[in-house]
Amino acid sequence: MVALKEEMEEKVEELQEVLVFLSLLSDGLKSGLSPEEAFRKATLSYKGPLEGTVTRIKDKMLTQTLPFSKAIKMLAKNVESVRIKVILQMLNLAVRKDSKRAGEMLEEVIQEEMEEIKTVRERIRQLKAQELKVKILVASASGVQGALAALLPYLKLALTGLATLGAYLPAPEQSWPIAAVLSISNTLAAYLIARSTTINPRSITLIPPVAIMAAFLLASTFLPPITSMQASTVIQLLLESL
């Protein structure tokens with residue numbers, strides 16, 4: 001799932017860059033330039049990741065009198081998008097009949113593809129928003145569990161009634177093993193969530209142990225000596241808030 005999202009982003013970036021170049025090519029064809037001249041002009045105007053590729057093709061057109069049809073085939077070999085390959089093949093066929101009309105057809109195709117890119121980008125944006133919500137939820141749940149782990153000795157104090165009612169006792173010794181077990185189990189759960197969604201496991205598996213231990217240490221540091229009655233009240237309020 002993670003690879004799918006990253007692949008979607010890469011394909012969209014490549015598709016958009018090729019469409020930018022093809023838009024310049026379309027302008028040249030529509031203006032009445034020959035296919036070869038339109039390609040050269042588009043190459044001079046284009047600035048982007050494909051600049052090196054289209055420049056090499058343009059140079060071959062000049063030094064080896066490479067025809068437009070072969071230049072387009074060379075461009076198709078340098079892109080991975082199947083959709084772009086199909087568009088370039090259609091362009092090659094259309095130019096043979098009427099280069100000006102081919103430029104107009106290419107412009108229409110580019111507009112349709114740009115609309116599709118907007119849809120895909122919106123989908124990617126929604127996926128990222130969902131990922132953020134999941135990460136916030138994991139961090140919040142882990143933090144609460146870390147705080148509960150720190151409060152566990154007080155829960156024991158409230159339930160067992162070992163202390164004399166109203167007598168102040170030192171804060172009970174905290175249970176580090178419980179916090180460690182929670183960190184491990186929550187990390188595993190976060191990893192399984194990542195595997196079933198588009199979330200990168202590396203970006204989420206660190207959240208549970210950090211949140212749990214931070215909440216555990218913070219709660220342990222600020223917990224004061226407490227009476228059994230106070231412990232019972234704290235636990236009751238905590239349970240009512242859940």
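Leaving aside neighbours within four places in sequence, Ser-81 is in contact with Glu-14 and Leu-15, where contact means heavy atoms within 4.5 Å. Ser-81 lies in the loop between α4 and α5. The model is a predicted one, in which local features need pLDDT of at least 70 and side-chain atom pairs count only at pLDDT 80 or more, while totals for chains, interfaces and linings use all residues. Residues are numbered from 1 along each chain as its sequence is written, and side-chain values use heavy atoms, with hydrogens and water left out.

**Overall architecture**

- The protein chain has 10 helices and 0 strands; helices (H or I, at least four residues) and strands (E, at least two) are DSSP runs, numbered from the N terminus.
- From the N terminus on, the order of elements is α-α-α-α-α-α-α-α-α-α.
- Of the 242 residues in the protein chain, 36% are buried; buried means under 20% relative accessible area, exposed means over 50%, and partly exposed lies in between, with a 1.4 Å probe and protein chains only.
- Among contacts in the protein chain between residues at least 6 apart in sequence, 69% join residues at least 24 apart.

**Ser-81 and the largest pocket**

- Ser-81 counts as buried because its relative accessible area is 8%.
- The largest pocket has a volume of about 190 Å³.
- Ser-81 is among the lining residues closest to the centre of this pocket, together with Lys-11, Val-12, Leu-15 and Arg-83, out of 10 residues that line it.
- A pocket is defined on a 1 Å grid over the protein atoms alone, as an open set of points where a 1.4 Å probe fits, with protein on both sides within 12 Å along at least five of seven lines; lining residues have an atom within 4 Å of a point.
- Grid points are joined across faces, edges and corners, and the volume is the space filled by probe spheres set on the points.
- Helices α1, α5 and α6 each supply at least two residues of the lining of the largest pocket, and α1 gives the most, with 4 residues.
- By class, the lining of the largest pocket has 6 nonpolar, 1 polar and 3 charged residues; Ala, Val, Leu, Ile, Met, Phe, Trp, Tyr, Cys and Pro count as nonpolar, Asp, Glu, Lys and Arg as charged, and the others, Gly among them, as polar.

**Nonpolar cores**

- The largest nonpolar core has 37 residues, of which Phe-21, Leu-22, Leu-25, Phe-39, Ile-84 and Leu-91 touch the most other members.
- The elements that give two or more residues to this core are α1 (2-30), α2 (35-45), α3 (51-63), α4 (68-77), α5 (82-97) and α6 (99-160).
- Apart from this core lies another, of 6 residues, among them Ala-194, Ile-199, Ile-204 and Ile-207.
- A nonpolar core is a set of buried Ala, Val, Leu, Ile, Met, Phe, Trp, Tyr and Cys residues joined through side-chain atoms within 4.5 Å.
- Leaving aside neighbours within four places in sequence, Leu-91 is in contact with Leu-25, Leu-29, Phe-68, Ile-72, Ala-102, Met-105 and Leu-106.

**Aromatic pairs**

- A search of the whole structure finds 3 aromatic pairs; rings of Phe, Tyr and Trp (its six-membered ring) pair if their centres lie within 6.5 Å, and planes under 30 degrees apart count as stacked, over 60 as edge-to-face and the rest as tilted.
- Phe-21 and Phe-39 form an edge-to-face pair, at 5.3 Å centre to centre and with 70° between the planes.
- This pair links distant parts of the chain, with Phe-21 in helix α1 and Phe-39 in helix α2, 18 residues apart.
- Phe-39 and Phe-68 also form an edge-to-face pair, at 6.4 Å centre to centre and with 80° between the planes.
- Phe-39 lies in helix α2 and Phe-68 in helix α4, so their pair ties together parts that are 29 residues apart in sequence.
- Phe-39 counts as buried at 0% relative accessibility, and Phe-68 counts as buried at 3%.
- Ring pairs link Phe-21, Phe-39, Tyr-46 and Phe-68 into a cluster.

- Lys-60, found in helix α3, counts as partly exposed at 33% relative accessibility.
- Leaving aside neighbours within four places in sequence, Lys-60 is in contact with Thr-65, Leu-66 and Met-74.
- Glu-116 has its place in helix α6 and counts as partly exposed at 33% relative accessibility.
- The C-alpha atoms of Glu-116 and Val-12, 104 residues apart along the chain, are separated by 9.4 Å.
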